[in-house]
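I opened a new notebook page for this structure.

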Amino acid sequence: MALAFDEFGRPFIIIKEQESKTRLRGLDAQKTNIAAGKAVARILRTSLGPKGMDKMLQSPDGDITITNDGATILEQMDVDNQIAKLMVELSRSQDYEIGDGTTGVVVMAGALLEQAERLLERGIHPIRIAEGYEMASRIAYEHLEHIAQKFEFDATNTEPLIQTCMTTLSSKIVNRCKRSLAEIAVKAVLAVADLERRDVNLDLIKVEGKVGGKLEDTELIYGIIVDKDMSHPQMPKEIQDAKIAILTCPFEPPKPKTKHKVDIDTVEKFRTLRQQEQKYFDDMVQKCKDVGATLVICQWGFDDEANHLLMHRNLPAVRWVGGVELELIAIATGGRIVPRFQELTPEKLGRAGLVREKAFGTTKDRMIYIEHCANSRAVTIFIRGGNKMMIEETKRSIHDALCVARNLIRNNSIVYGGGSAEISCSIAVEAAADKYPGVEQYAIRAFADAMDSVPMALAENSGLQPIETLSAVKSQQIKENNPWCGIDCNDVGTNDMREQNVFETLIGKQQQMLLATQVVKMILKIDDVISPSDY
Amino acid sequence: MAVERLFKDEATEEKGERARMASFVGAMAIADLVKTTLGPKGMDKILQSTGRGRSVTVTNDGATILKSLHIDNPAAKVLVDISKVQDDEVGDGTTSVVVLAGELLREAEKLVNAKIHPMTIISGYRVAAECARNALLEKVVDNKQDAEKFKSDLMKIAMTTLSSKILSQDKEHFAKLAVDAVMRLKGSTNLEAIQIIKKPGGSLKDSFLDEGFILDKKIGIGQPKRIENAKILVANTAMDTDKVKIYGARVRVDSMSKVAEIEGAEKEKMREKVQKIIAHGINCFVNRQLIYNFPEELFADAGVLAIEHADFDGIERLALVTGGEIASTFDNPESVKLGQCKLIEEIMIGEDKLIHFSGCEMGQACTIVLRGASSHVLDEAERSLHDALCVLSQTVNDSRVLFGGGWPEMVMAKAVDELARKTPGKKSHAIEAFSRALLAIPTIIADNAGLDSAELVSQLRAEHHEEGSAAGIDVISGSVGDMAELGISEAFKVKQAVLLSATEAAEMILRVDEIITCAPRRREDRM
C-alpha cells in the first residue's frame, strides 16, 4: 500500500490524492492486463485469413468504415484501456514497418499472453517467462530464415510478385478481382522501383478513388490524376505535348510580408496605381506565356482578371492543386516547382504527352489526367467501386499489396503462408525447448503452443475443425519433413502451400514475431497499474 | 477475469450473431421504407426537414428520401450510400438498388439461420450476380445504328422512367421534352447545358422545351427590351466600385476637395471601363456580378442591354450557348470572342419577366420551363425530369436497351435458377436465394399496384419458361403483358449498376461479424 508511517507512527500518503486513484498490483495487475490484451486479440481473431470476416466501425461523427485490416480496425476503435492501447500501437508499428500482417501480429501477441497467463498461475515469475519468450523468438527467427526461399524475379518475370500480392489481397473484400488488382499493384511498384538500389518510394504511387463504376474498372495510370478542373470553363479540355509551369505563387497582386501602406491622396496616384495593377496581372500571365508554357498548374487561387487573361492568351490553368499533388506532378513531368514568376525559365517547365479533363457520371465531377509524362516514375492507381466504403477498403487493400511488393523488392526471401511458417516454427521451437535448462524451458514450450494459434484461427475461420486440422498438418510436416504444409483455407485439396501459391514475405513474418514478443514482454513486466479513477 | 473497460465510455461493441442481426434489421428496415415507392403505382413520401422553416418535400425518388434520413444503423448507411452513388452514376434506379440489396440480405438471413456460413453465401451471390449479368448481356437490344428505332427506344425509356413519378399523367409530353433535350446534346453527357426553370402556376402540361436560353433576370430600366442580331459580351467583373487589388492600398485625403477629386477619378475609371466594354461593338452585356446604377446608366445611354448578377451557372451556360468567352479584362476588344444570338427579348411566364435568348450559335443547350401548381410539385417534377435526363444521356452513350416491367429480373432469375441446379455444394442454396431476391422486385411492383402478386409472378415465370418471351407486368391492366408491345424499356446500364452495386453492398454487410460504435462526438454547447 502506498501508505507509510513516520517515526511517530502517523500515517502519511505517498501518492497524491490516493483515494481518487484506482490501483492494481502484483498478479492481479498482470492478469487484468493479459485479459485486456486477449480481448483485443479476440476481436481481430475472426478477421484472419482468406475467409476472415469484416468489422463495421462507426466513428464519433457517424461515418462508417467496413474493413478487415487489423491496423485500421484498431485505430478506429475507441480504446480506453492502456494495455489495449499498447496492442493498437503494436499493430500500427507493423503497419508502418511492413504494411501487411497487422492482424496476424495482434493474434500472435494475444496467444502469447494467453500462454503466459497459464504459466503465471503455475507460479513462474513473469520475468522468467519474458526471457523464455525472448529465447524462443530468437529460435523462431532463425528457423524462419532457414526455411525461407529466395524468390527470383525481374522486370519481365513478375509472376512471383503477383502471386504474393494475391495472397495479401485474398483476405480482403476485393478478392473477387484479386488477380487484376495484384497486377496493378505490381506494375505500379515496378514502375517506381529502383531495382539497382532495391528501393521503392511508395510516395510516388498515388491511390485515388472515385465512387461509381465497378471494381473491375480500376486502372493503373502512368501519370497523375488531379481531382480538379480547369480554372475557366472555356479552356481547352485536352492538351497534347503540354509544357507545364508548376507554380506556388498565386495569380493575385503581391502581398508583401512586411506591413506597409500605400496612401493615395491625389488623383494621379490613383491612376498610376490602377495602371500598375493592370500591368502586374499582364506581366504575370505574359511571363508564363513567354517561357513557352502551355499549361499552368498553381497551388493557389486566381483573380478573376488573371483568369481571363490566361484564358485570353490560350493558356489553360488549374488552380488550388494540393502541395503533395504538386510535388508528384513535378516529379512525373520533370518540372521544377517555381515559387516566383521571376524565376520561371523554360528549363523549369515539366513535360507531359497528354493532359485531359474527364467527366464522370451525371454529376459535374471532373478530373484532370496528366499522362505520358517525361519521367513516368510517378503513377496513379485509380479505383472505382460501388460505394464509398468499398473504395476506402480497396484503397487499404491496395496499400497492403503495394507494401508487400515493395518488401519483396527490398528482400526477395519468402516463406509460405497458410500458417505453414508458424507450424514449422512451432515444431522447431518445441524441439529446441528441451535443450534449455531451467524454468525458461516452460516458457519456450508455451511460445511453441502460441505459434499454433495462428493456423488454428485460420482453420476456425475457414470452417474447418481447428484441432483436428492443425494436428493433421503438424504431423504431416514432421513426417514428410516438409515445412510448406499449411491450412487449406480455400478447400483446394492440397496442404502444400507451394502448390497453392500462397506466399508471405520473410521480413513480414519475422517482424510479426519480434514485435509480438516485445509487446508481450512489456506487458508481462508491468506489476502495478495506477490510473486516475473517474472524475 | 473480465476486463472492465476496453473501450471508452459509451462506445459499444456488438459481436457475431447480434452484430449480424443488427445489420440485417437495419438494412431491411431501409429497404422496406423505400419499397412502397417502387414501380408505376408506387406511393410518395413526405419529408419534413428539422432545419429552420420545417420545409416539406414530397417525393418518390429513392435517393432523395434516403439522403434526407438521419440514420443511426451502420448497415443502413451502406444502403444509403449505394443509392447516392447510383444517383450520381446513372441517375435512376435509386430505389431498386436499395430494395434489391435489402432482399438479398433478407434471403441471406434465412440462410444464416439455416447454419450456412456467410462466406459461402457470398461466394454463391458472386457467382449468381455474374450469371445474371451475362443473362442480361445476352438479351440486350442495341439499336444504335438505326436512328429512328433508337429514338423510339429513348422515348420508351423516358416514359418508363417517368411513369413511376409524379409526371406519369403527362409522361408522353415530358418524355418528348427529355428526349428532345438530350438529343440536342449530341452524345455529350453534360447535363449542365440543359437548364430547368421552375415557375409556379399553370399546369404540368404547360411545361415546354425552349430551344434557346432563358435567363431568370430582368432587363435594366430604360434599356432596349428587344434586340435582334445581338452581340453579347459575357463577363465576370466588378461593376460596382472597381476595387484596388494591390494589398495595403488605401485612400487617405486631407481635404474635402480631394475627396471629390478622387471620387471623380473613380467615376472616370468606371466610365473608361464602360467605354472599353462598349468598344467591343456589343449590344448586350451580361455580368456575373452586380452592376451599379452609374454604369448601368452609361450602358443605357449607349443602347446596350446590361444584365447584372447572373449566377455562375447561368454565366457559364450562356457562354456555352452563345459561343462567347467569359471576359474579365477589356483591353483587347479585337481578340475577345463575342457571343451571338439572333434575338434577345423579354418574355413573360406566368407573372415573371424573363430574358429569352433565341437563335443561338451553339445548338446544344436548351431550357425546359416547368410549370405546376405548387413549388412542391415543381421540385418533384424537376427531380423526375432530372432522372429521365440522366438515364437518357447515359443511354445515348451506351445504347443497349432491355425491356422493363420486371422483365429483366425474370430473365436473370431464370438464368440464376438454372445455375443453381447445376452447382454442387452449399453454394447452390445461396444462388437459389439470389434468384428469389430478384423475383422480389416484380412482386413488389405488383403489390404496390394492388395486384395479386403471387398469381402474377407465377404466371410470369411460366411465360418466361419459353425462350425469348417478352412478358412483364402490365400494371395498368393488372395482368401479364408483352413488354415489346407495351413499349416499356429500361437502359441496360441502369440495370447493370443496380445488380452490381446491390450485390456488392450485400456482400459487404454480410462479411461483417462485429460492429464497434464509437461514442458520438459531443457537441459543445454554444448557447
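Before looking at sheets, I noted the rule: two strands pair if DSSP finds at least two bridges between them. Helices (H or I, at least four residues) and strands (E, at least two) are DSSP runs, numbered from the N terminus.

I also noted what I was working with. This is a predicted model, where local features need pLDDT of at least 70, side-chain atom pairs count only at pLDDT 80 or more, and totals for chains, interfaces and linings use all residues. Residues are numbered from 1 along each chain as its sequence is written, chains are lettered from A and ligands numbered from 1 in the order in which they are written, and side-chain values use heavy atoms, without hydrogens and water.

**Entry: a sheet in chain A**

I found an open sheet of three strands in chain A, in the order β6-β20-β21, with antiparallel pairing. Its edge strands are β6 (149-150) and β21 (503-505) of chain A, and each pairs on one side only. I then checked β20 (residues 413-416) of chain A: three bridges join it to β21(A). Val415(A) has Glu504(A) of β21(A) as its bridge partner.

Next I looked at what packs on this sheet. Helix α17 (residues 506-525) of chain A does, touching β20 and β21 of chain A. Contact means heavy atoms within 4.5 Å. The direction of α17(A) makes about 65° with that of β21(A). Axes are lines fitted to C-alpha atoms, for helices over the stretch in contact, and angles run from 0 to 180 degrees between N-to-C directions.

**Entry: helix α9(A)**

Buried means under 20% relative accessible area, exposed over 50%, and partly exposed in between (1.4 Å probe, protein chains only). Among the buried residues are Glu305(A), Leu309(A) and His312(A). They pack against α8 (267-290) and β15 (317-318) of chain A, together with β12 (326-327) of chain B. After α9(A) comes Asn314(A), with a positive phi near 60°.

**Entry: aromatic rings**

Rings of Phe, Tyr and Trp (its six-membered ring) pair if their centres lie within 6.5 Å; planes under 30 degrees apart count as stacked, over 60 as edge-to-face and the rest as tilted. I counted six aromatic pairs over all chains. One of them is Phe403(B) with Trp407(B), edge-to-face at 5.0 Å centre to centre and 85° between the planes. Phe403(B) is partly exposed at 21% relative accessible area, while Trp407(B) is buried at 3%. In chain A, ring pairs link Tyr416(A), Trp484(A) and Phe503(A) into a cluster.
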